[in-house]
Amino acid sequence: FMKKVVTILLVMMAVMSVPIGQAQLRMGLKLGANVSNFHGEFDDITLDGEHLTNFTGGITVEWIVAFGLGIDAGVNYTAKGSEYTLGSEELAMKNLIHYIEVPLNLKYKLQIPVVEDLIIPIIYTGPSFAFKVGEAITLNGNFYEGGKLVSINNNAVDIAWNIGAGVELFRHLNVTAQYGWGINDVTNMQMENIDMMREKKITSGVWTITATWMF
């Protein structure tokens, strides 16, 4: 992962070294939704909860240098989580984490002269850093502070690697879809099994669809 980050940062530094007069700098407002899940492996069981759908939105800055190559970065609100069914009594536990997320992407726009005023294909990849600003852990709809059945401790930062694609319409509207692979441990969960506690850290996976209006 660190090799990927270093490579992307070196390319971005080269892109940013281009004089401002030769680059196109724009800002945009982003709105969309994501579908997230947390996944982990215990000693003999797989923990894979139900997906949760949440709102995301924020601001984006795009810096296109030449031949459609550039970078984009942003500051977004997002939420990630899962819902689990625990035990024979079918207890429903939901773990939802609220974040301020900072993505940093290397971006390529395929500008075809004949149609570029109408549509431009886009691909991008890069890391994102999500900083926890709140959480809501519930059991059967009620706030849950931890107990004998399960204990959840959400980490302060979730780091992911994103790959996305989409189109720019009429030079302003960007519609994109991406998947983010969680790199670090998003949460720490302890589950009780008879008289033994087994602990496993869990990573995130998130599909995101957004529309961004670029000014």
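Which residues make the nonpolar surface patch of about 870 Å²? The patch is made by Leu 69, Tyr 108, Leu 110, Ile 112, Val 114, Val 115, Leu 118, Ile 119, Ile 123 and Phe 170. To count for a patch, a residue needs over 30% relative accessible area and no salt bridge; nonpolar side chains (Val, Leu, Ile, Met, Phe, Trp, Tyr) are joined within 5 Å, and like charges within 9 Å. The areas themselves come from the Shrake-Rupley method with a 1.4 Å probe, and for residues only the protein chains shown count as cover.

Before going on, keep in mind that this is a predicted model: local features need pLDDT of at least 70, side-chain atom pairs count only at pLDDT 80 or more, and totals for chains, interfaces and linings use all residues. Residues are numbered from 1 along each chain as its sequence is written, and side-chain values use heavy atoms, with hydrogens and water left out.

You'll find Leu 110 in the loop between strand E5 (91-109) and strand E6 (119-139). Strands (E, at least two residues) and helices (H or I, at least four) are DSSP runs, numbered from the N terminus. Leu 110 has 37% relative accessibility, so it counts as partly exposed. That label covers the range between buried (under 20% relative accessible area) and exposed (over 50%), with a 1.4 Å probe and protein chains only.

Now for the charges. Searching the whole structure turns up 11 salt bridges, each one a side-chain nitrogen of Lys or Arg within 4 Å of a carboxyl oxygen of Asp or Glu. In one of them, Glu 62 meets Lys 107, at 2.7 Å from N to O. Glu 62 sits in strand E3 (residues 50-66) and Lys 107 in strand E5, so this pair ties together parts 45 residues apart in sequence. Is Glu 62 buried or exposed? Glu 62 is buried, with a relative accessible area of 0%, and Lys 107 counts as buried too, at 5%.

Glu 62 also has a salt bridge to Lys 109, with 3.4 Å from N to O. Lys 109 in turn bridges to Glu 168, where the closest N and O atoms are 2.9 Å apart. Because Lys 109 lies in strand E5 and Glu 168 in strand E9 (residues 157-169), that pair ties together parts 59 residues apart in sequence. Lys 109 is buried at 2% relative accessible area, and Glu 168 is buried at 1%. Through shared partners, salt bridges join Arg 26, Glu 62, Asp 72, Lys 107, Lys 109 and Glu 168 into one network.

On to the rings. The structure holds 3 aromatic pairs: rings of Phe, Tyr and Trp (its six-membered ring) pair if their centres lie within 6.5 Å, and planes under 30 degrees apart are stacked, over 60 edge-to-face and the rest tilted. Tyr 179 and Trp 181 pair edge-to-face, 4.8 Å centre to centre with 80 degrees between the planes. The rings of Tyr 179 and Trp 207 have centres 4.9 Å apart and planes at 55 degrees, so that pair is tilted. Tyr 179 belongs to strand E10 (residues 173-182) and Trp 207 to strand E12 (residues 196-214), so the pair ties together parts 28 residues apart in sequence. Ring pairs link Tyr 179, Trp 181 and Trp 207 into a cluster.
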